[in-house]
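Hi,

Here is the structure I promised to pass on to you. Have a look at it first, and then read on for my notes on what turned up.

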Amino acid sequence: MATKSLSVDTDRKTQIIDITTAVAEAIPAEASGPVTVFSKHTTAAIAINEAESRLMDDFETALEDLVRSSDWGHDEIDDNADSHVRSLLLGPSETIPVDKGDLQLGTWQSILFVELDGPRSRSILLSFPE
Amino acid sequence: MATKSLSVDTDRKTQIIDITTAVAEAIPAEASGPVTVFSKHTTAAIAINEAESRLMDDFETALEDLVRSSDWGHDEIDDNADSHVRSLLLGPSETIPVDKGDLQLGTWQSILFVELDGPRSRSILLSFPE
Amino acid sequence: MATKSLSVDTDRKTQIIDITTAVAEAIPAEASGPVTVFSKHTTAAIAINEAESRLMDDFETALEDLVRSSDWGHDEIDDNADSHVRSLLLGPSETIPVDKGDLQLGTWQSILFVELDGPRSRSILLSFPE
């Protein structure tokens with residue numbers, strides 16, 4: 001099977017959630033090579049960094065400051081253009097080396113789901129080279 | 001064959017073009033696993049988001065606002081350092097789960113070619129796990 | 001073997017280093033498909049752009065300007081939240097098409113290691129589809 005799915009529920013407009021354990025448990029023992037963790041959404045993202053609680057709060061602040069509310073055309077339809085812009089900049093996926101089922105992350109690296117227009121229920125795909 | 005190429009012609013300095021259909025048609029029916037869509041340029045990018053027309057205009061505005069013209073050293077050679085900085089931030093590729101030839105995109109996700117120093121003729125590679 | 005490692009030593013807080021030759025030499029002749037170049041760190045990144053010396057200086061300036069020092073919560077623990085935010089935005093990896101051992105980069109593209117909290121010794125993994 002080339003793909004597995006995960007889901008995550010979010011509570012706030014901008015929220016960073018550590019999904020490392022869920023991803024690690026979903027990788028088959030025989031998988032080796034680059035594995036892609038992919039969010040199926042346009043106002044969310046996948047990122048990798050340290051899951052230290054104060055730092056995760058700093059990330060939420062930094063993402064809100066980087067792209068401010070403005071006179072966006074899309075806001076005539078749906079008042080979340082700022083969320084789409086943040087998602088465009090972070091991107092929907094990270095690709096991570098896996099060796100015989102084990103994620104080859106560095107000591108301080110965690111896989112982060114980045115909610116940018118919550119609260120919502122979100123879907124994540126893992127894609128393995130066959 | 002591990003690679004296929006696509007081309008796109010752009011009209012403006014900053015321009016977002018939806019290439020989802022062209023990518024989908026180029027993926028062989030037997031491909032499964034993570035597929036990489038890769039721009040071969042240093043003043044362009046590949047991104048994924050919603051291809052709603054007002055939002056695509058908002059993205060163009062947001063990218064121009066995020067990195068302003070400045071007293072860049074590279075501008076002594078070629079007056080486009082701002083385009084290179086935007087390209088560095090967005091990155092040249094996206095990697096997308098594929099299952100038996102089908103892109104596993106979410107409902108609102110489109111694959112976007114991001115021109116940052118047009119108008120130009122641009123080359124895109126698709127890379128498949130063999 | 002699905003993975004190879006490289007190392008790089010950096011000299012400054014923010015520093016861009018061209019690692020294209022080291023990556024190219026580490027790719028086995030039989031490798032084909034998307035290859036991931038992955039930094040194992042939370043205050044560094046991998047990017048792709050032109051390795052022109054004045055432009056690389058511009059990138060260092062742009063990254064420092066994009067995320068300013070601020071009253072970050074993480075700075076109570078370790079005074080480098082700004083470096084983590086820059087790393088979050090750039091991301092730890094790039095995935096590049098390879099055809100029979102050859103990187104399929106465009107004419108002006110180089111693979112860049114982006115130090116954001118140096119000087120440090122850094123580890124990079126290359127991950128190949130098997």
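Let me start with the contact between chain A and chain C, where 31 residues of chain A touch 30 residues of chain C. Please keep in mind throughout that this is a predicted model. Between them, chain A and chain C bury about 2,400 Å², with 65% of that area on carbon and sulfur atoms. The count of salt bridges between these two chains is one. The partners are Arg54(A) and Glu76(C), and their closest N and O atoms are 3.3 Å apart.

Now for the contact between chain A and chain B. Here 30 residues come from chain A and 31 residues from chain B. The buried area for chain A and chain B is about 2,400 Å², 65% of it on carbon and sulfur atoms. On the chain A side, the residues that lose the most area to chain B are Phe38(A), Thr42(A) and Leu88(A), which together make up 25% of what that side buries. One salt bridge is counted between chain A and chain B.

How are the chains arranged? Chain A superposes on chain B by a rotation of 120° with 0.0 Å of shift along the axis, at an RMSD of 0.0 Å. That is the relation of a three-fold axis. Within chain A, the C-alpha nearest the axis belongs to Pro129(A), at 3.5 Å from it. The copies use different surfaces, in that 20% of the contact residues of chain A recur in chain B.

Superposing chain A on chain C likewise takes a rotation of 120° and 0.0 Å of shift along the axis, with an RMSD of 0.0 Å. For this rotation, too, Pro129(A) is the residue of chain A that comes closest to the axis, its C-alpha lying at 3.5 Å. Only 19% of the interface residues of chain A are also interface residues in chain C, so these copies meet through different surfaces.

Four cavities of 30 Å³ or more were counted. The largest cavity holds about 310 Å³ of space. Its lining consists of 23 residues, and those nearest its centre are Ser93(A), Ser93(B), Glu94(B), Ser93(C) and Glu94(C). In each of chains A, B and C, α3 (81-90) and β5 (93-99) each supply at least two residues of this lining. By class, the lining of the largest cavity has eleven nonpolar, nine polar and three charged residues.

The second largest cavity has a volume of about 60 Å³. Which residues line the second largest cavity? From chain A they are Pro34(A), Thr36(A) and Thr95(A); from chain B, Pro34(B), Thr36(B), Thr95(B) and Pro129(B); and from chain C, Pro34(C), Thr36(C), Thr95(C) and Pro129(C). The elements that give two or more residues to this lining are β3 (33-39) of chain A, β3 (33-39) of chain B and β3 (33-39) of chain C. The lining of the second largest cavity divides into five nonpolar and six polar residues, with no charged ones.

Finally, a few backbone details to check as you go through the model. Gly118(A) and Pro119(A) are joined by a cis peptide bond, with omega at about -5°. You will find Pro119(A) in the loop between β7 (110-115) and β8 (121-127) of chain A. In chain B, a cis peptide bond joins Gly118(B) and Pro119(B), again with an omega of about -5°. Pro119(B) sits in the loop between β7 (110-115) and β8 (121-127) of chain B.

One other residue is worth a look: Lys100(A) is not a glycine, yet it has a positive phi of about 45°. Lys100(A) is placed in the loop between β5 and β6 (102-103) of chain A.

Happy to talk any of this over once you have had the model open.

Best wishes

Key. Residues numbered from 1 in each chain as written. Chains lettered and ligands numbered in written order. Predicted model: local features only at pLDDT ≥ 70, side-chain atom pairs only at ≥ 80, totals over all residues. Heavy atoms only, no water. Least-squares fit on C-alpha atoms with pLDDT ≥ 70 in both. Contact = heavy atoms within 4.5 Å. 1 Å grid on protein atoms, 1.4 Å probe; cavity = no way out; pocket = protein on both sides within 12 Å on 5 of 7 lines; lining within 4 Å. Points joined across faces, edges and corners; volume = space filled by probe spheres on them. Helix = DSSP H or I, 4+ residues; strand = E, 2+ residues; numbered from the N terminus. Nonpolar A, V, L, I, M, F, W, Y, C, P; charged D, E, K, R; others polar. Buried area = accessible area lost by both parts, 1.4 Å probe. Salt bridge = Lys/Arg side-chain N within 4 Å of Asp/Glu carboxyl O.
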